[in-house]
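Welcome! Take a moment to turn the model around on your screen, and then let us walk through some of its features together.

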Amino acid sequence: MSPSPSEDLMGNFGALDDQQRTDVEKQKSVQGNAHFHRLGWKRLTVVLIVEAIALGALSIPSAFATLGMVPGVIICVGVGLIAIYTSYVVGQVKIRFPYVSHYADAGRLLMGRFGYELVGAMFAMELIFIAGSHCLTGAIALNNISDHGACSVVFGFVSAIILLLLAIPPSFAEVAILGYIDFASVIIAIGVTIIATGVQSTNPSLDTVATSAPWQLWPKDNLGLVEAFVALGNIIFAYSFALCQFSFMDEMHTPQDFPKAIWALGIIEIVIYTLTGALIYAFVGQGVQSPALLSAGTTVSKVAFGLALPVIFISGSINTTVVARYIHGRMFKNSVTRYINTRMGWITWLALITVITIVAWIIAEAIPFFSDLLSVCSCLFVSGFTFYFPAAFWFKLVKEGPWYARKNIVKSVANAAIFIIGIIVLGVGTYASVVDISNKFKDGSVGKPFKC
């Protein structure tokens, strides 16, 4: 990690002659290239789990409370199956165009330089928003564990520091090692919450009986468009794993194995999300909170949040790593600095993840409520990365022959439907999320930005 004696602060090799400098830079490039191509499909699955199965699961039960048990289960399974298919399309694009390293590169294939810049901006903003949502959840967890022992802004800052430290390793292969801890953390935390709420439902206290209405098969009474789309946005957010797929596959040594990872992750997500949403909603009823760990009771929620700390911070940090890798790669595209194995590489990397983390913390403090922050992310960005962009990829980059050919007609109809769903979520969903945020600020049901 330390630079050679001939390497200056800028990562240049000024004390060497031209031939020696070229040889050293080639060596650094070879080392860097090898370092960033160590993922197999099993590790890819783990990295996708780290990125995907985290905050999404914690918002599902409250979405079920809004939509009702039957629509909630149908939407949860249906969106999961769509996400598996669109992620498969994303993988096909990566196989056909190996030089696509991030989602923005695929945007260039669709719409040229405009598409590259547009999708790149959306990609960066979504990942920073997600990092911000993890910062917010970390603050909620630390507040809950400590009985509000400090100002929530302070806990948010502490969460940001932890996210920053975990984002320092630039390779996803290192993140995969932490992935096993991450996965165990979220499963145990959710399991404890399900068991605790189940026990409480069989032995309810007088307070619980008085304050919580039973669960419903169908949507809640007088359900409006705004509330429905916020709930839908939370479910969509949970299946946003296609967002980082290009970035992760770029580190695979055998990218053709990606379908194994996609199917493994998709099935795991559908099972975890559906069971989490259905069981906690059934046990708690209409009073279920978001994040769901808050519904486990005062003592158990402290335990659950403590168990969930690894997933909150590990899953949050990988989003910082992905967006930093994208920006860093753009900044130093034609330089050995991009491999982050020179002094200049490490200086620029640490500076970049610090700036990203600060921006994420500001977002967390500016939108200090969980469900709406996730819904804004989903409707603005995930609607594209999981729905309308993959559908467009299929029509322009994957499809062979005319859309109306016998072999293409079913997929053409399916991809057109997915594209329309994405556009509706983008337009109506974003409007609903913004209105809901505005209403909550007006009626005082949430705290003010940057307040304890």
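S295 is buried, with a relative accessible area of 9%; buried means under 20% relative accessible area, exposed means over 50%, and partly exposed is in between, using a 1.4 Å probe and protein chains only. You can find S295 in the loop between α11 (258-284) and α12. This is a predicted model, where local features need pLDDT of at least 70 and side-chain atom pairs count only at pLDDT 80 or more, while totals for chains, interfaces and linings use all residues. Residues are numbered from 1 along each chain as its sequence is written, and side-chain values use heavy atoms, with hydrogens and water left out.

**More on S295**

- Leaving aside residues up to four places away in sequence, S295 touches T197, Q200, V284, V288 and Q289; a contact means heavy atoms within 4.5 Å.

**The whole protein**

- The protein has 15 helices and zero strands; helices (H or I, at least four residues) and strands (E, at least two) are DSSP runs, numbered from the N terminus.
- Of its 452 residues, 54% count as buried.
- The protein exposes about 18500 Å², and carbon and sulfur atoms supply 68% of that area; accessible areas come from the Shrake-Rupley method with a 1.4 Å probe, and for residues only the protein chains shown count as cover.
- Among the contacts with a separation of 6 or more, 84% come from residues 24 or more positions apart.

**Two residues in one loop**

- P214 sits in the loop between α8 (206-211) and α9 (225-238), and N222 lies in the loop between α8 and α9 as well.
- Is P214 buried or exposed? P214 counts as exposed because its relative accessibility is 62%.
- P214 touches G285 and Q286, not counting residues up to four places away in sequence.
- The C-alpha atoms of P214 and F283 are separated by 8.3 Å, although these residues are 69 residues apart along the chain.
- N222 is exposed too, because its relative accessibility is 80%.
- Most residues other than glycine have a negative phi. N222 is not a glycine, yet N222 has a positive phi of about 55°.

- G72 belongs to helix α4, and at 0% relative accessibility G72 counts as buried.
- Which residues does G72 touch, not counting residues up to four places away in sequence? They are F64, L67 and I235.
- G72 and P61 are 11 residues apart along the chain, and their C-alpha atoms are separated by 8.9 Å.
- N143 is found in helix α5, and at 8% relative accessibility N143 counts as buried.
- Not counting residues up to four places away in sequence, N143 touches H148, A150, S152 and F155.

**How helices cross**

- Two packed helices are described by the angle between their axes and the distance between the axes. Axes are lines fitted to C-alpha atoms, for helices over the stretch in contact, and angles run from 0 to 180 degrees between N-to-C directions.
- Helix α4 (residues 69-96) and helix α15 (residues 409-443) have axes that come within 12 Å and cross at roughly 110°. That makes α4 roughly perpendicular to α15; angles under 35 degrees count as roughly parallel, over 145 as roughly antiparallel, 65 to 115 as roughly perpendicular and the rest as oblique.
- In this pair, I82, Y85 and T86 of α4 meet K411, N415, I418 and I421 of α15. These contact residues of α4 and α15 divide into four nonpolar, two polar and one charged; Ala, Val, Leu, Ile, Met, Phe, Trp, Tyr, Cys and Pro count as nonpolar, Asp, Glu, Lys and Arg as charged, and the others, Gly among them, as polar.
- The axes of α9 and α15 come within 8 Å and cross at roughly 115°, which means that α9 is roughly perpendicular to α15.
- On the α9 side, the contact is made by L225, V226, F229, V230 and I236, and on the α15 side by I424, V425, V428, G429, A432, S433, V435 and D436. The residues of this contact of α9 with α15 divide into 10 nonpolar, two polar and one charged.
- Helix α5 (residues 103-145) and helix α12 (residues 298-331) have axes that come within 8 Å and cross at roughly 155°, so α5 is roughly antiparallel to α12.
- The residues of the contact of α5 with α12 divide into 20 nonpolar, 11 polar and four charged.
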